[in-house]
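Visitor: Could you take me on a close look at the salt bridges here, and show me where their partners sit in the fold? I would enjoy one connected account.

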Amino acid sequence: MHELNQIKPLPDFILECQFSNGVLKSVDLKPFLNKEAFLPLKDNSNFNKVVNKSYFVEWQGLDIDLSADTLWHLGV
């Protein structure tokens with residue numbers, strides 16, 4: 001199971017993820033934004049409300065989250 005140290009929203013719907021093992025990955029969330037559950041993240045003000053919860057991230061005030069393992073596998 002992967003754990004996040006830091007999460008940072010970047011322009012163009014990218015999340016910069018630093019994991020507890022020191023690896024830094026970028027995750028492009030644009031492919032998710034047309035899925036119903038992720039539609040609110042199309043608004044940059046919502047996207048930027050991402051919160052690190054160590055084993056997952058969530059978006060403040062929204063019922064949206066992604067696991068650290070998912071971010072690890074999607075990241076480059």
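Guide: Happy to. Helices here are DSSP runs of H or I with at least four residues, strands are runs of E with at least two, and both are numbered from the N terminus. Counted that way, the chain of this predicted model has two helices and six strands. From the N terminus on, their order is β-β-β-α-β-β-β-α. The radius of gyration is 11 Å, close to the 11 Å that the globule rule gives for 76 residues, so the chain is as compact as a globular protein of that length. Its C-alpha trace spans about 30 × 20 × 20 Å along the principal axes.

Now to the charged pairs. Side chains of opposite charge can pair when their charged atoms come close. The structure holds three salt bridges, counting a side-chain nitrogen of Lys or Arg within 4 Å of a carboxyl oxygen of Asp or Glu.

Let us begin with Lys-30. Its side chain meets that of Asp-12 in a salt bridge, at 3.2 Å from N to O. Asp-12 belongs to the loop between β1 (4-10) and β2 (14-19), and Lys-30 to the loop between β3 (24-28) and α1 (44-47), so this pair ties together parts that are 18 residues apart in sequence. Lys-30 also forms a salt bridge with Asp-28, at 2.9 Å from N to O. Through shared partners, Asp-12, Asp-28 and Lys-30 are joined into one network.

Another salt bridge links Glu-58 and Lys-53, whose closest N and O atoms are 3.7 Å apart. Glu-58 is partly exposed at 28% relative accessibility, and Lys-53 is partly exposed at 37%.

Three bridges join β4 to β5 (residues 56-59), and the two strands run antiparallel. They belong to an open sheet of three strands in the order β4-β5-β6, with antiparallel pairing. The edges are β4 (50-52) and β6 (65-67), each with a single partner strand, so one side of each is left without a neighbour in the sheet. On average, neighbouring strands of this sheet are turned by 20 degrees against each other, direction ignored.

Definitions and conventions. Residues numbered from 1 in each chain as written. Predicted model: local features only at pLDDT ≥ 70, side-chain atom pairs only at ≥ 80, totals over all residues. Heavy atoms only, no water. Pairing = 2+ DSSP bridges. Axes fitted to C-alpha atoms, helices over the stretch in contact; angles between N-to-C directions. Rg over C-alpha atoms; globule rule 2.2 N^0.38 Å. Buried < 20%, exposed > 50% of the residue type's maximum accessible area, 1.4 Å probe, protein only.
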